[in-house]
Amino acid sequence: MDYIRENGCIRLRDLVVGPRPSDEVLAYSYLEWKREGTLHTVWMSDPPEIREYLEWLNKRDLFGCWRLNTDVGVADFLGMGFVANTERMGKRSKAEIGFIFHAKKATLFEKIAMGRMLVEHVFVTGGYDAIFGTTPERNPAAVAYAKRLGFAMHGPIKDFCAWDGELCGVWISQMSRPVSLQ
């Protein structure tokens, strides 16, 4: 895709990835995600309480996903991507990433487009050589999403995480830095 890069952001038509959401946006979104049951799809164990959630996010690279609404001059917050952990591998590096979107605010097309933008943005801004994620096998929509973004899927690895309080397998999704970004 032909993304536009400007001011530390990446844009495709009216979709923008980049600006870190404010704590107020994150707190409001937490409450929405908790109400709609989305939090447990990102945190494989019990979702954190709001204070722990905000503290955890404030220690991470965090990228907001926005839809520009030029009619009213604002941007609608649709979700976010984050770098959960990073690790050096000699002269190389890798990052564990995650995504979370509001269930009803973004279309499937927008979630896929923003996921691809997030992947590229993380590679470019972080300079990582590889990225990966972990997805419970009991979350088939998230497994399909990772495949749709182009991640190689490995697993499932038995009893690697908990889902609704019970042990379950996990898929490891992995992607190396595309040649086009080297």
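In what order do the nine strands of the open sheet lie? Select the strands and read across: β1-β2-β3-β4-β5-β6-β7-β9-β8, with mixed pairing. Strands (E, at least two residues) and helices (H or I, at least four) are DSSP runs, numbered from the N terminus, and two strands pair if DSSP finds at least two bridges between them.

A word before we go on: this is a predicted model, in which local features need pLDDT of at least 70 and side-chain atom pairs count only at pLDDT 80 or more, while totals for chains, interfaces and linings use all residues. Residues are numbered from 1 along each chain as its sequence is written, and side-chain values use heavy atoms, leaving out hydrogens and water.

**Stop 1: around β9.** Now select 166–176, which is β9. Seven bridges join β9 to β7 (residues 130–136), and the two run antiparallel; look for T134 opposite I172. Seven bridges also join β8 to β9, again antiparallel, with M153 opposite S173. β8 and β9 form a hairpin with two residues between them, and D164 in that turn has a positive phi of about 50 degrees.

**Stop 2: a helix on the sheet.** Select 23–36, helix α1. α1 packs on the sheet, touching β4 (61–69), β5 (74–89) and β6 (92–101); contact means heavy atoms within 4.5 Å. The direction of α1 makes about 90 degrees with that of β5.

**Stop 3: two helices together.** Axes are lines fitted to C-alpha atoms, for helices over the stretch in contact, and angles run from 0 to 180 degrees between N-to-C directions. Show side chains to see where they meet: residues including L26, Y30 and W33 in α1 face partners including Y53 and L57 in α2.

**Last stop: the whole chain.** Zoom out. The protein chain has four helices and nine strands, and its C-alpha atoms fill a box of roughly 50 × 40 × 30 Å, taken along the principal axes.
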